[in-house]
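The structure comes first, then the details.

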Amino acid sequence: MPASQNSIRVFMTIPQRREWELHGRQSVRKILRQLDLNPEGVIVIHHDTLLTPDEMVENGMEIEVRSAISGGLP
Amino acid sequence: MKCTKCGGRAVIDLKRHNSGFCKEHFFEYFENQVRKAIDEFSMFGLRDRILVAVSGGKDSLVLWDVLMRFGYQADGLYIDLGIGEYSSASSQKVRDFVLARQANLRHVSLEQDYGYGVPEAARRLRRAACSPCGLSKRYIFNREALEGSYDVLATGHNLDDEAAVLFGNVLRWNTGYLGRQYPVLEEDPGGLVRKVKPLIRLTERETAAYAVLQGVDYIVEECPKAIGARTTLYKQLLNDLEIQSPGSKQQFLYGFYERGHDSFEASRDVALTPCTECGQPTTREGLCAFCQVRSRLLTVRA
Ligand code: SF4
Ligand SMILES: [Zn+2]
Ligand SMILES: [Zn+2]
């Protein structure tokens with residue numbers, strides 16, 4: 001599903017595949033807060049770079065929030 | 001956010017260091033942290049042959065990538081655990097990595113080389129998958145390192161892994177484990193290879209960021225058996241603490257290395273003898289723990 005011009009598309013693939021559609025310019029920090037995710041445990045990917053929590057995300061953008069926490073016995 | 005070094009656009013914020021870095025300066029920071037860990041604990045030198053245990057996940061592939069970048073003689077060891085789709089996908093990531101970098105890989109298949117896979121072993125032994133899996137991995141790491149005459153075995157354990165394990169060990173006051181939790185485990189002339197963890201100064205978020213920015217393609221999916229593992233809970237707890245009080249995780253872990261660990265380190269007074277089946281070192285008479293479990297698995301089936 002491509003990002004529509006009037007919304008922000010956010011997706012995660014782990015632990016389960018999840019997707020959200022948000023509306024209007026907002027910071028990465030605010031998005032993570034809405035999804036109840038700790039910024040210390042994730043990276044936020046946009047194209048081939050990363051966004052810090054203060055970066056603003058606009059309608060029409062697609063971002064991946066990827067968990068950095070791996071489990072299991074080391 | 002701006003890069004602390006050059007003022008360019010930052011790709012990562014590191015509150016525990018009061019900094020943010022652009023891609024170039026993040027790579028510099030990351031690689032310096034690996035160098036620092038290697039030096040601080042005298043892990044290995046350029047003449048040593050290093051075997052890197054790789055799972056296809058971010059930490060182990062990043063470790064291998066960085067060690068090769070530094071010019072170390074680092075080969076990989078991948079164990080196919082026979083965990084369905086997860087194993088086939090992770091082994092593909094490792095093969096792609098090897099091909100792209102002309103690296104050397106030792107490949108072991110638990111099913112083909114030892115006659116069982118992890119899910120089957122868990123079922124037959126009526127244990128959680130991580131138990132036979134951990135036993136098999138530890139055994140094969142050591143055996144492959146010795147058979148290939150490597151000087152040292154390196155694993156991709158990061159700051160979060162080690163802080164979570166430390167937290168679990170402190171919570172239950174596992175003094176024996178506390179004595180053995182250290183970035184370097186010296187070799188035992190009885191047949192245990194030296195083991196090191198060069199990524200202990202970097203968090204999981206940092207290794208994930210390095211992988212994405214450096215184009216190290218890793219398996220994002222978790223092992224299906226890891227869901228709900230206790231370490232994951234401890235990692236989340238520690239990250240909640242870290243957000244409120246940046247630097248907590250490293251203080252907890254480095255403080256233990258500097259001031260805690262020695263008090264728990266017991267002299268290894270148990271002598272190792274060769275297993276009567278495979279020759280690998282064991283503290284028991286007769287079969288080593290691995291051969292004992294394996295013989296149980298293979299006879300139940302017969
Ligand atoms: S999570 Fe458990 S079963 Fe899966 S690879 Fe890790 S130790 Fe093995
Ligand atoms: Zn910079
Ligand atoms: Zn044995």
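## A salt bridge between the chains

Glu55(A) and Arg9(B) form a salt bridge, with their closest N and O atoms 2.7 Å apart. A salt bridge here is a side-chain nitrogen of Lys or Arg within 4 Å of a carboxyl oxygen of Asp or Glu. Between chain B and chain A the count is three salt bridges.

## Basis of the model

This is a predicted model, in which local features need pLDDT of at least 70 and side-chain atom pairs count only at pLDDT 80 or more, while totals for chains, interfaces and linings use all residues. Residues are numbered from 1 along each chain as its sequence is written, chains are lettered from A and ligands numbered from 1 in the order in which they are written, and side-chain values use heavy atoms, with hydrogens and water left out.

## The interface

In chain B, 35 residues are in contact (heavy atoms within 4.5 Å) with 25 residues of chain A. The two chains bury about 2,600 Å² between them, 56% of it on carbon and sulfur atoms; buried area is the accessible area (1.4 Å probe) that two parts lose on being put together, summed over both. On the chain B side, Arg9(B), Arg205(B) and Val220(B) lose the most area to chain A, together 20% of what that side buries.

## The zinc ion (ligand 2)

Which residues coordinate this ion? They are Cys3(B) (SG), Cys6(B) (SG), Cys22(B) (SG) and His25(B) (ND1), at 2.1 to 2.3 Å. Donors are N, O and S atoms within 2.8 Å of the metal (3.2 Å for Na, K and Ca); water is not among the atoms, so sites may look incomplete. The donor residues are spaced C-x2-C-x15-C-x2-H in sequence. Cys3(B), in the segment before strand 1 of chain B, and His25(B), in helix 1 (residues 23-40) of chain B, link distant parts of the chain, 22 residues apart. Helices (H or I, at least four residues) and strands (E, at least two) are DSSP runs, numbered from the N terminus.

The four donor atoms make angles of 97 to 115 degrees, and the site is tetrahedral, a label for four donors with all angles between 85 and 135 degrees.

## The zinc ion (ligand 3)

Cys275(B), Cys278(B), Cys288(B) and Cys291(B) each give an SG atom to this ion, 2.3 to 2.4 Å from it. With angles of 105 to 120 degrees among the four donor atoms, this site is tetrahedral.

Cys275(B) lies in the loop between strand 9 (273-274) and strand 10 (281-282) of chain B, and Cys288(B) in the loop between strand 10 and helix 12 (289-301) of chain B, so the pair ties together parts 13 residues apart in sequence.

Definitions and conventions. Four donors count as tetrahedral if all angles lie between 85 and 135 degrees; four count as square planar and six as octahedral if opposite donors are over 155 degrees apart and all others between 65 and 115; anything else is irregular.
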